[in-house]
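Here is a walk through one protein chain, from a single residue out to the whole and back again. Keep the structure in view as you read.

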Amino acid sequence: MLLEAVYHRPKQNWSYAYDKQTVHLRIRTKKNDCIKVEAIAGDKYAWAFTMKSMEMRVFAQDSLYDYWETTVVPPFRRLRYAFRLTDASNGEQLIFIESGFIKELPEDPKNFFEYPFINPVDVFEPPAWVKDAVFYQIFPERFANGDPSLNPANVEKWGGKPTPSNFFGGDLQGVLDHLDYIAELGVNAIYFTPVFEATTNHKYDTHDYLKVDPHFGTNEKLKELVAACHERGIRVLLDAVFNHSGRTFPPFVDAQKNGKDSKYASWFHVREWPLQVVDRVPSYETFAFEPLMPKLNTENPEVKEYLLQVARYWIEEVGIDGWRLDVANEVDHQFWREFRQVVKGVNPEAYILGEIWHDSIMWLQGDQFDAVMNYPFTNAVLDFFGHQTLSAQSFADAIGKQLAAYPQQVTETAFNLLDSHDTPRLLTICEDNEAAMKLAALFQLTYPGTPCIYYGDEIGLNGAGDPDCRKCMIWESEKQNQELLSFYKQVIALRHSYKALRSSDISFLHTGAQETDGTLVYERRDGDERLLIALNARKQASKLELANSSGSSWTKLLTEGGAEHANDQAANALSLSLPGFSFIVLKCEN
C-alpha cells in the first residue's frame, strides 16, 4: 500500500455536511491499491456505544487515485472517525487517523479525525430548483430584434458578420417574442449576459447598474419579461459585473476629471495619479489591462453599499432568480460573503453563480457562491468529443477527478456549459461534425449538474472565438437545422423525465482500451431507477459485451447512428453494437 497516496482532511470536499443530519466522509488512496476501505465513526463523548464501522465505496477514479465515500448520520450531530484500509495485494490492514497510520484500532479515539458539530447555519444548501434546471444562455444584442424603434443609430442588418463593435438591434422584446420557442425546447432557466446601460454591444462596461440599456428596453420591460418567464416556469439569471465598471461610469468620470481630489478617488485601485495609460499599462487597476474597464475597490464601504443595493434591487423590484458574477475570482472573498447575505436575505432560493475557470473550492463552502461555471468539465468534454485529443480512459479520469473535487451538493448544481459568448461555438469546436456535437451535448445533458445551452447551438449555429461566436440567432425555420433541434428537444425531455439523469450518481462501466477507441458506457442511478448510456465518439465501429450479473432487462429509450443492444439473460450479458459516432440510451426494467 502506497501510504504517500492516502489523503484526507476534515471539511471542504473530504468531510462535509450534506444536509442537517448527514455527513459525507471521503478518502483518497492509490488507484487499485486497496481492496476495501471502512470508516469507523462515532460520537466523541459516547464512543463506546455509538461507534460503528461502515464500508466505503469508490465513487470516483482518476489516473492516479481511487476516491472512497460513505454516508454517516451522527446520532448527536458530532463525529469522530478513522479509516481502516485493506491492502489489495496482501490483505494487510492499517488504521488511518489524524496523527498518521497505526496497526490496531485503539479504544480511545482522541487522535482520530473529527467533524465537530453539524451547525445548521453552516450547511451548504444550494437552491433545490437548480438541480432540475436546464439553462439557456442569451446574448441579448444578438438574439432577436423585437422593437426596431430602440435600434442604435448605426444598427446593421440582422444576420451580418459580427465585429467587436457593431450592433444588430437585439432587445428584450425580441426575447419576449420567442419565449414559446424557448419553452418548447424544454428550457426552464435563462442566463442573460449583461442588460444594464453600457457603451458596447456586450455590455460588460457598465455605465448605470440600476438601468436597463435603452437599446434593450426599460426596467419595466425587463420586469414584464421576467414575469412572462415565470408564467412559463422559466427562471431568470442576470449578469453582474462587480469586478469593474465602464469608462462612462459616473464615479470614474469624476475621478478622471478631479484626480485624487475626487470624492470617488478611493472607489478604484489607483497606483499613480493622474489616471492615464503609459506603454499600454493603465496607472490604475483594470480588467485585463483594458483601460475602459477600471477595477472597482469592493473593500470601499461606499462601493460596497452601492453594489449591494444593485444586487438587492433587481431581485426585489424585478423578481430575478439569481446572479451570474463576472470575473468573480478577482473580487475579495469578504465582499462575496456580504453579497450572499444580502441576496439570500431577499430570496433564499436565489442562485449565485460565479465565473471562475479553475478549481473553486474556496468559493464553494456555503458562504459565497452556490456554483461556478464548470470549465474543468467543459475542457474535458471538448477535448474528448470535439478536439479528440483525449482517450476515453483519460476522459473518464478527468471526470472522476472533477467529481472528487467538490462536495456532492456542489456537483448537483454545477453550471455545466460547453460554449458561451467567451468561446468558440460547440459545432465549430467539433469541426462542424454534427454527430460529434450531438455526443458532447448528450453527455452534458445526462451528466450530474445543471446544463447550459448557448443560444443557437440547437439549430446549428457555428462560429469561431469572439466576436464570431456572437452571431445573430437564425429564426427562419427553413434555415435552421431542424433535425438537430429535434435531437436537443428529445434529450432535454429525457433529462426532465428521469430523476436518475439529474442525480449525482454516475459510474463508468466501460472505457475504450486503445487511444483510438472512443467507446464509453456509463450508468446513471437514482434509487431503483437505472439508465445506461453507451456511445462511440470515434469513426471506428465497436462491439461490446458487458457483464449483467443481475440479469436485468434493458429497453431502448433513445438511439442514433445505428446503435443497437441485445439482452442475453441466460449468459447474464448485455451486448452493444456501436457504429462510429453513435449512441444508445437504455432503461433498466427490473
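**Starting from one phenylalanine**

Phe 96 touches Val 6, Tyr 7, His 8, Ile 27, Ala 82, Phe 83, Leu 85, Phe 101 and Phe 113, leaving aside residues up to four places away in sequence. The model is predicted. Phe 96 sits in strand S8, which runs over residues 93-97. Is Phe 96 buried or exposed? Its relative accessibility is 9%, so Phe 96 counts as buried. Now look for Pro 194. It is 98 residues from Phe 96 in sequence, and the two C-alpha atoms are 50 Å apart in space.

Step back to the whole chain. Its secondary structure comes to 13 helices and 32 strands. The radius of gyration is 26 Å, close to the 25 Å that the globule rule gives for 590 residues, so the chain is as compact as a globular protein of that length. Along its principal axes, the C-alpha trace spans about 75 × 60 × 50 Å. Of the 590 residues, 56% count as buried. The accessible surface comes to about 23800 Å², and carbon and sulfur atoms account for 48% of that surface. Contacts also reach along the chain. Among those between residues at least 6 apart in sequence, 68% join residues at least 24 apart.

One stretch carries a label from a record. An unreviewed UniProt entry gives residues 137-495 the annotation "domain: Glycosyl hydrolase family 13 catalytic". Over residues 137-495 the chain is 36% helix and 14% strand. The end C-alpha atoms of this stretch are 18 Å apart.

Next, go inside. In soluble globular proteins, nonpolar side chains tend to be buried together. The largest nonpolar core in this model has 126 residues. Which of its members touch the most others? They are Tyr 136, Trp 323, Phe 339 and Leu 535. Helix H6 gives the most to this core, with nine residues. A further core, of 22 residues, lies apart from the largest one. Its members include Cys 34, Ala 39, Leu 85 and Tyr 115. Leu 85 is also one of the residues that Phe 96 touches.

Not counting residues up to four places away in sequence, it touches Phe 242, Leu 308, Ala 311, Trp 323, Leu 325 and Ile 352. Phe 339 is one of the buried residues of helix H7, together with Phe 335, Trp 336, Arg 340, Val 342, Val 343 and Lys 344. What covers the buried residues of H7? The cover includes helix H6 (301-318), strand S20 (322-325) and strand S21 (351-354). Helix H7 has 14 residues, 333-346, so at 1.5 Å a residue it should span 20 Å. Its end C-alpha atoms are 20 Å apart, which agrees.

The buried residues of H9 are Ala 392, Phe 395, Ala 396, Asp 397, Ile 399, Gly 400, Gln 402, Leu 403 and Ala 404.

The loops hold some backbone details. The peptide bond from Trp 273 to Pro 274 is cis, with omega near 0°. Pro 274 lies in the loop between helix H5 (250-258) and strand S16 (277-278). Another cis peptide bond joins Asp 466 and Pro 467, with omega about 15°. Pro 467 is in the loop between strand S24 (450-454) and helix H13 (482-497).

Two other loop residues have a positive phi without being glycine. Asn 32 has phi near 65° and lies in the loop between strand S2 (23-30) and strand S3 (34-42). Lys 203 has phi near 70° and lies in the loop between strand S13 (196-198) and strand S14 (206-212). Asn 32 counts as exposed, at 56% relative accessibility. Lys 203 is buried, with a relative accessible area of 1%.

Finish at His 565, in strand S30 (residues 564-568). At 22% relative accessibility, His 565 counts as partly exposed. It touches Trp 554, Thr 555, Lys 556, Leu 574, Ser 575, Leu 576, Ile 584 and Leu 586, again leaving out residues up to four places away in sequence. Cys 430 is 135 residues from His 565 along the chain, and their C-alpha atoms are separated by 27 Å.

Key
Residues numbered from 1 in each chain as written. Predicted model: local features only at pLDDT ≥ 70, side-chain atom pairs only at ≥ 80, totals over all residues. Heavy atoms only, no water. Helix = DSSP H or I, 4+ residues; strand = E, 2+ residues; numbered from the N terminus. Expected span 1.5 Å × (residues − 1). Buried < 20%, exposed > 50% of the residue type's maximum accessible area, 1.4 Å probe, protein only. Contact = heavy atoms within 4.5 Å. Core = buried A, V, L, I, M, F, W, Y, C linked by side-chain atoms within 4.5 Å. Rg over C-alpha atoms; globule rule 2.2 N^0.38 Å. Areas by Shrake-Rupley, 256 points an atom, 1.4 Å probe, with all protein chains shown as cover. UniProt positions renumbered as here; feature names shortened; annotations may be inferred.
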